[in-house]
Amino acid sequence: MALQGPIPVTFAMVFPHGCYIVGEVEPVKDFDASAGGRFVQARDKRTAELVWQVAVMDGDPTLKPAQKTVAVKILAPVQPVPPSPMAGLPFTPVEFDGITVTPYVNAAGRLAYSIKVREMHAPRQTSQPVQSKASAGKDAA
């Protein structure tokens, strides 16, 4: 099979409704190398970059509560800094670049995905015009 390893995807493919930071950016522990109370940070097996993790909430309104929060792993030489909070919002919106997903079977025997990214930043502003209620959903003539 030609498809091996992490699968490159776009942000819109993974989070079409956006996502929001709901945790701190933290180093991921290398459980094999950490011993005797000594913490060793994990490194990506393919790139040797340090691995960080942040919990995000998927903005998809159709997801069940247990499916909304996912861990995103960030490959970076230093701890990534999340975007600044936006006034009036309870959670900080975020976008990611350089995204790959790796499918695996979890402990419950279900298909799951490990999400790794290269960059984290504030959402980009879109230049799409807002439709009025009168024209919403209608084709332009």
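How many residues line the largest pocket, and which of them lie nearest its centre?

Reply: The model is predicted, so local features are given only at pLDDT of at least 70 and side-chain atom pairs only at pLDDT 80 or more, whereas totals for chains, interfaces and linings use all residues. Residues are numbered from 1 along each chain as its sequence is written, and side-chain values use heavy atoms, with hydrogens and water left out.

The lining of the largest pocket consists of 19 residues, and nearest the centre lie Gln67, Val70, Ala112, Tyr113 and Ile115. A pocket here is an open set of points on a 1 Å grid over the protein atoms alone, where a 1.4 Å probe fits and protein lies on both sides within 12 Å along at least five of seven lines; a lining residue has an atom within 4 Å of a point. The space in this pocket comes to about 600 Å³, a volume being the space filled by probe spheres set on grid points joined across faces, edges and corners.

Several elements supply at least two lining residues each: helix 1 (11-14), helix 2 (65-68), strand 5 (69-75), strand 7 (99-105) and strand 8 (111-117). These elements are DSSP runs numbered from the N terminus, helices being H or I with at least four residues and strands being E with at least two. Strand 8 contributes the most, namely four residues. By class, the lining has 14 nonpolar, three polar and two charged residues. In this scheme Ala, Val, Leu, Ile, Met, Phe, Trp, Tyr, Cys and Pro are nonpolar, Asp, Glu, Lys and Arg are charged, and the others, including Gly, are polar.

Strand 8 deserves attention for its pairing as well. With strand 5 it pairs in the parallel sense over three bridges, and Val72 stands opposite Ile115 of strand 8. With strand 7 it pairs in the antiparallel sense over six bridges; Thr100 has Lys116 of strand 8 as its bridge partner. Strands count as paired if DSSP finds at least two bridges between them. The hairpin of strand 7 and strand 8 has five residues between the strands, and there Gly109 takes a positive phi near 80°.

Lys116 also takes part in a salt bridge, its side chain meeting that of Asp44 at 2.7 Å, N to O. Asp44 belongs to the loop between strand 3 (26-27) and strand 4 (51-58) and Lys116 to strand 8, so the pair ties together parts 72 residues apart in sequence. A salt bridge is a side-chain nitrogen of Lys or Arg within 4 Å of a carboxyl oxygen of Asp or Glu, and the structure holds four of them. Asp44 is buried at 7% relative accessibility, while Lys116, at 24%, is partly exposed. Buried means under 20% relative accessible area, exposed over 50%, and partly exposed in between, with a 1.4 Å probe and protein chains only.

A further salt bridge joins the side chains of Glu49 and Arg118 at 3.1 Å, N to O. Glu49 lies in the loop between strand 3 and strand 4 and Arg118 in the loop between strand 8 and strand 9 (119-121), so this pair links parts 69 residues apart in sequence. Arg118 is partly exposed, with a relative accessible area of 37%.
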